[in-house]
Amino acid sequence: MHYALNLRTFFYSHYFYLGLRFAAGLVGVTLFTLQFADMAVAMTVCIGALCTALMDMPSPLRHKFNEMSASVLLCGAVTLLISLCAPYHWLLMTMLVVISFGACMMVVYGRKSMPLQLATLFIMTMSMEHSMTARESFIHTGLFTLGAVAYLAYAMGISWTLRHRIKQQVLAEALFELAAYIDIKADFYDTRYNLTEQFNKLIRHQSLLADRQQASRDLILRSHNNAKDAIVVQVHVCMLDLYELILSTHTDYAQLRVHLADSPVLKTLHDLAYKAARDIESVAYDVTRKKASYPEISYGPELDAIEAELAAIQQRINEGKPQQEALAVLRAQRNKIRAIIKMIGELHQASQKVYDTTPFWADADMGPFLSQQKYEFRMILSHLRWNSPIFRFSLRVAMAISVGLLVGAWLPYAAHSYWIVLTIVIILKPSFSMTKQRRRDRIVGTVIGCVITALILKFLNYPAFILGALVLSTVAMPTFVYLRYRYAAVAVSVMILLQMYLIAPGNQNLIMERLVDTIVGAVVATAFSFVLANWEYQSLPRLVRGVLEVNLRYMRASFDLLQGKGKDDFAYRIERKRLMDALAGLSSALVRMLDEPSSKQRAVEDINQFIVQNYLLMAHVAALRAILRRHVKELPTGPLNAMLSESHQQVVEVLTLALAPHQAGAREAAVQAGEHALMSASTLSAQEAAAAAAALVPWSGWPLVQRRIRLLQADAVKIIVHSEAILRDVT
């Protein structure tokens with residue numbers, strides 16, 4: 001369950017704060033206007049505030065001001081244009097289609113532009129029903145803009161006042177998702193769970209975690225001007241280091257289950273991971289409550305149980321039983337878990353007071369870690385081509401709205417065409433899977449909202465209760481719009497229907513008409529989701545190549561760091577972040593493709609394995625970093641760097657070949673080398689490796705490093721196999 005749906009954390013989340021801010025702003029602007037004007041004027045001002053409120057999301061203050069100002073200007077211009085065209089039916093229909101197309105082209109700017117697109121289309125549909133003179137159109141637009149500017153000023157004031165609080169809430173969300181990530185890893189130790197399915201679940205959640213971590217970076221790393229901000233930065237940096245340690249715990253779970261199937265230590269490892277997740281949640285919870293966090297969980301009993309099991313395995317080895325592999329794997333996991341527990345302790349400490357220095361971000365350019373967005377008109381022009389998915393999406397929406405308007409004109413009752421159009425706008429999204437999910441949530445939410453409204457009007461038709469339901473639904477709509485859209489659809493249906501009842505209480509068919517309009521809009525949107533559709537498999541070659549390019553840079557930065565060539569890990573952190581983002585993008589595309597018709601699905605298993613192999617490369621690098629940090633004084637620098645250099649050369653060569661499919665002969669040689677490395681890694685026991693290395697390096701950790709490097713080489717080669725299969729299936 002999402003952390004914000006838990007009552008313990010819901011009222012501290014930024015989702016609830018958004019709902020309160022949204023409702024207070026709308027209600028406040030409306031009530032203030034009613035002191036000086038009638039209900040019609042107040043509703044116009046309220047709609048202006050509503051359109052601007054759709055852009056009110058957690059964001060750096062400068063970005064928020066620019067985004068909300070763009071909404072004020074654009075929505076004001078659309079309101080004036082549609083109002084002027086309304087008396088001329090043919091011109092109005094033309095402008096509706098043109099504006100719909102233009103608004104959808106704004107998707108080229110990414111996810112941040114989606115609320116602006118919705119606000120533009122929303123005010124377009126709300127303005128189309130009113131026929132006005134030119135003078136009335138300018139007055140109407142002025143009132144609309146007044147409401148929009150009022151909410152802009154209100155939102156910026158609240159955001160400035162609560163700027164540190166919003167940082168805490170977004171950081172806490174990333175910590176909660178990290179705890180959920182550990183919960184998934186804990187189940188790897190539970191033999192009741194299938195390893196493949198569990199790994200797929202882990203990769204999917206990694207995409208969500210990467211998104212939450214990026215949101216945290218964008219707010220926290222842009223500015224840190226005081227002690228409170230410094231504490232948030234400390235916790236954020238510690239969270240990222242902890243994530244890398246958690247990544248390093250990946251091991252051969254199948255072998256672990258085989259060797260320790262009859263031992264209670266698997267449950268002990270599971271319990272340790274579960275406790276670690278709860279410990280991180282306690283930090284997140286304290287961050288949301290603006291408190292310093294202190295450890296309250298003891299790991300002693302579980303760590304003692306692991307030590308006892310290690311002693312028992314060593315005893316069996318002394319008796320001549322072949323359990324060296326189990327000993328090596330369990331000992332490695334024990335060391336990694338200890339490092340994680342220590343880092344969680346540092347996470348608690350980071351929330352308590354400001355460090356003397358924070359080397360990671362002091363005097364460093366945070367630009368590479370932050371989302372960079374340029375709103376240039378030439379980006380739209382560059383997508384005015386037939387093979388652009390955004391261009392095709394814009395045409396699709398424009399055609400769907402045209403059909404929706406025609407259907408609304410043919411319905412036997414006084415249909416509200418704007419509601420049909422609004423339903424189409426809300427449901428029809430750039431990808432088929434998003435459209436499918438939004439359609440389901442919209443229909444179910446509308447039906448439930450209609451039923452709730454009917455019950456209120458029949459049994460609880462009292463002014464105070466209706467007002468209370470209006471306020472509650474106004475809070476719930478923005479609260480759940482990014483959390484559970486179905487709940488938001490319920491809230492918006494109740495809110496709109498109750499408002500229309502108060503304005504026109506004599507309409508007995510209001511609820512049924514609204515339900516029919518929604519179903520008509522959903523049918524039209526569904527039909528057009530297949531028109532000029534952009535199927536996910538079409539973007540796979542670009543996404544796969546992007547992952548390979550980023551991974552190549554990541555591996556170069558990783559080996560430089562492992563060999564001590566860089567003075568710090570700043571470049572490594574940048575490339576790690578980029579690789580996580582690239583894998584998250586590919587993973588999201590895979591999830592969306594699985595919601596598409598089976599005839600449009602390509603290379604599902606190979607894409608999944610490709611993501612897994614790239615994930616494993618990160619895990620191997622993280623594990624190597626953990627080992628080398630732990631044994632920094634014992635490191636045989638010369639032999640280690642020689643082996644790392646050889647491995648670096650092979651891994652870079654393999655990834656380079658994966659980016660050049662035409663070099664078949666070279667690829668076959670690389671694959672053969674990788675298969676040899678895989679065979680060596682899988683057959684190399686701890687005892688054999690120690691014996692082989694003893695003559696070269698008198699260090700007990702050498703076999704573990706040797707095995708991990710060979711696995712890294714072998715897993716890099718597997719990437720070629722799966723990337724080839726993906727390209728073959730797609731083309």
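Which residues of α13 are buried? The close-ups below take up this question and a few others, using a predicted model.

**Close-up 1. Helix α13 and its buried side.** Helix α13 runs over residues 300-318, 19 residues in total. From its first C-alpha to its last it reaches 27 Å, close to the 27 Å expected at 1.5 Å a residue. To answer the opening question, the buried residues of α13 are Glu302, Ile306, Glu309, Leu310, Ile313 and Ile317. Seen down the axis of α13, these buried residues fall within an arc of 100°, so they line one face of the helix. An α-helix has 3.6 residues a turn, so residues three or four places apart point the same way. The cover over the buried residues of α13 includes α12 (265-288) and α14 (324-350).

**Close-up 2. Lys290, in the loop before you reach α13.** Lys290 belongs to the loop between α12 and α13. Its phi is near 60°, a positive value in a residue other than glycine. Is Lys290 buried or exposed? With a relative accessible area of 59%, Lys290 is exposed.

**Close-up 3. Ala603, in the loop between α23 and α24.** Here is another non-glycine residue with a positive phi: for Ala603 the value is about 50°. Ala603 sits in the loop between α23 (570-594) and α24. Ala603 has a relative accessible area of 12% and is therefore buried, as that value is under 20%.

**Close-up 4. Ile607 and the largest nonpolar core.** The largest nonpolar core has 212 residues. Those that touch the most other members are Ile82, Met124, Leu175, Leu242, Met555, Leu586 and Ile607. Helix α24 (residues 604-630) gives the most to this core, contributing 14 residues. In soluble globular proteins, nonpolar side chains tend to be buried together. Leaving aside residues up to four places away in sequence, Ile607 touches Leu540, Leu586, Leu590, Met593, Arg602 and Ile726. One of these partners, Arg602, also lies over the face of Tyr537, at 4.3 Å from the ring centre.

**Close-up 5. Tyr181 and Tyr243, an edge-to-face pair.** The structure holds 20 aromatic pairs. In the one shown here, the rings of Tyr181 and Tyr243 have their centres 5.5 Å apart and their planes at 65°, so the pair is edge-to-face. Tyr181 lies in helix α8 (residues 163-186) and Tyr243 in helix α10 (residues 227-248), so the pair ties together parts that are 62 residues apart in sequence. Are these two tyrosines, Tyr181 and Tyr243, buried or exposed? Both Tyr181 and Tyr243 are buried.

**Close-up 6. An aromatic cluster, and a lysine over a ring.** Ring pairs join Phe10, Phe11, Phe16, Phe480 and Tyr487 into a cluster. For a charge over a ring, look to Lys458: this residue lies over the face of Phe459, at 5.7 Å from the ring centre.

Close-up 7. How many residues along the chain separate Thr196 and Gln609? They are 413 residues apart along the chain, while their C-alpha atoms are separated by 10.0 Å. Thr196 has its place in helix α9 (residues 195-220). With a relative accessible area of 45%, Thr196 is partly exposed.

Conventions:
Residues are numbered from 1 along each chain as its sequence is written. This is a predicted model: local features need pLDDT of at least 70, side-chain atom pairs count only at pLDDT 80 or more; totals for chains, interfaces and linings use all residues. Side-chain values use heavy atoms; hydrogens and water are left out. Helices (H or I, at least four residues) and strands (E, at least two) are DSSP runs, numbered from the N terminus. Buried means under 20% relative accessible area, exposed over 50%, partly exposed in between (1.4 Å probe, protein chains only). A nonpolar core is a set of buried Ala, Val, Leu, Ile, Met, Phe, Trp, Tyr and Cys residues joined through side-chain atoms within 4.5 Å. Contact means heavy atoms within 4.5 Å. Rings of Phe, Tyr and Trp (its six-membered ring) pair if their centres lie within 6.5 Å; planes under 30 degrees apart count as stacked, over 60 as edge-to-face and the rest as tilted. A charge sits over a ring if NZ of Lys or CZ of Arg is within 6 Å of the ring centre and within 35 degrees of the ring normal. The expected span of a helix is 1.5 Å times one less than its number of residues. The arc is that of the directions from the helix axis to the C-beta atoms.
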